[in-house]
Amino acid sequence: MAMVDEPLYPIAILIDELKNEDIQLRLNSIRRLSTIARALGEERTRKELIPFLSENNDDDDEVLLAMAEELGVFTPYVGGVDYAHVLLPPLETLCTVEETCVRDKAVESLCRIGAQMKESDLVEWFIPLVKRLAAGEWFTARVSSCGLFHIAYTSAPELLKAELRSIYSQLCQDDMPMVRRSAASNLGKFAATVEPNHLKTDIMSIFDELTQDDQDSVRLLAVEGCAALGKLLEPQDCVAHILPVIVNFSQDKSWRVRYMVANQLYELCEAVGPEPTRTDLVPAYVRLLRDNEAEVRIAAAGKVTKFCRILNPQIAIQHILPCVKDLSSDSSQHVRSALASVIMGMAPVLGKDATIEQLLPIFLSLLKDEFPDVRLNIISKLDQVNQVIGIDLLSQSLLPAIVELAEDRHWRVRLAIIEYIPLLASQLGVGFFDDKLGALCMQWLEDKVFSIRDAAANNLKRLAEEFGPEWAMQHIVQQVLDKIGNPHYLYRMTILNAVSLLAPVMGPEITCHKLLPVIITASKDRVPNIKFNVAKVLQALIPIVDQSVMAKNMG
């Protein structure tokens, strides 16, 4: 008897736990669906488990989300692709719930199952499901249906295809903005499955309606559609249909739509080709760079280098560069930061002469910006300019600004520069560093502010890691050790800190012969605090040096 009852046991647990008041038990049960399905076998899973799940009206979104996810990979447990259609009813129900993330997951799972189904099954089961959802009384069903058309369309017979295009067109004119938004965001995927002759007629008329929607949230999703449709259309059709829309959108009354255009403009340029970009999109881009909303200027500034790459240098200098100059002194720090993160990439595009004449003054003004993010974005990309104008010119123009910042009266500015030094060193090379920045690094070890001295010690360690122990031995170690005799005990403590940081990089031999004797001498210092710190440094050196050496010196 026990053997006969055994298979019933898992389903009994599932039903009990799914009805349990404890949400965690219900969740655990849903996540164990695959285990329970294996125990039941394919036939009983189809006949008992799936119908039970279809009727399950759990009100907790977390449980429903887990169910939508599980059902997407459930095809093997119901008997494979031939029986995949039995999974559609519970997912159809989940497509109508209020919680967006549950609906999205249900649509994702339906797409996954639909992609595996046979054409005949798609026509018999999947397409009717899409039509039912699209005609749903509650808007959530109609929202979900928009994400399924691209799966349904490819296998539909000609008459059904025409019907699906017509239904999609109706969804784009739905009373509810949420449905129109969903139709707009899925248009690119649907358009990719539609035949070229219908693409120019039906899909483009749908697209035109979306671009003139009174809700900005629908129009901004239509901007994304511009790039997707542009890739599907022939270049001449793209110029005729997509280009006027982009130009209009760049002057849209809603800043969110203009922001979206600024973000997508590079992709849109690729869609329409070089000539229309020069004649129509450059003026549109200039308008976005001068937009009265900071968010739009941020998005446009972040694309300035990419945009210049598809133009010839003359047009970039003539039209884009004046805007870049204005943006470099923009009232919003975020705009300046976005510009600083990409402007260095303009140097290879504009060439040496234009970089020296036009870009260098902009770099200098951004390098002296009051906000650290702006300065960092310039310093972190110096190598791109170095490749164009060469190290000599770069050091003459930008280095004085860096030195000036390194000696700024505000200690936080000095601190920011110290943190960029290893980055500068790695970009500009060891020779440049030795000539120009080496003395600064030593100078910071004797700064009046502790945070600067501490950062300077860490900086030396990072430089030793960057250029190697041999370079550090020649250029750092001896100069650091010479400072241990400083009359002020706080500076002597900084040197001890620097030694303890350098030791792991320098290795046992240099530590034993060069660093350890200095520390031992410092242990006889008249200031107790120094002696205490010597003890801490020795403790840090124990793993690095040979035990016998340590025992001898400690003795």
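Author: A residue is buried when its relative accessible area is under 20%. This model is predicted.

Reader: Does F139 count as buried or exposed?

Author: The cut-off for buried is under 20%. F139 has 17% relative accessibility, so F139 counts as buried.

Reader: How many aromatic pairs does the structure hold?

Author: A pair of aromatic rings is described by the distance of the centres and the angle of the planes. Rings pair if their centres lie within 6.5 Å. The structure holds aromatic pairs numbering three.

Reader: What is the pair of W138 and F139: stacked, edge-to-face or tilted?

Author: The ring centres of W138 and F139 are 5.6 Å apart. Planes under 30 degrees apart count as stacked, and over 60 as edge-to-face. The planes here stand at 50 degrees, so the pair is tilted.

Reader: And what is the angle between the planes of F149 and Y168?

Author: F149 and Y168 form an aromatic pair, 5.0 Å centre to centre. The pair is edge-to-face, with an angle between the planes of 80 degrees.

Reader: How many residues apart in sequence are the parts that this pair ties together?

Author: F149 lies in helix α11, residues 149-153. Y168 lies in helix α12, residues 158-171. So the pair ties together parts whose separation in sequence is 19 residues.

Reader: Is F149 buried or exposed?

Author: Buried means under 20%. F149 has 0% relative accessibility, so F149 counts as buried.

Reader: What separates the C-alpha atoms of S205 and H241?

Author: S205 is found in helix α14, residues 196-211. S205 and H241 are 36 residues apart along the chain. Their C-alpha atoms are separated by 9.9 Å.

How values were computed. Residues numbered from 1 in each chain as written. Predicted model: local features only at pLDDT ≥ 70, side-chain atom pairs only at ≥ 80, totals over all residues. Heavy atoms only, no water. Phe/Tyr/Trp six-rings, centres within 6.5 Å; stacked < 30°, edge-to-face > 60°. Buried < 20%, exposed > 50% of the residue type's maximum accessible area, 1.4 Å probe, protein only. Helix = DSSP H or I, 4+ residues; strand = E, 2+ residues; numbered from the N terminus.
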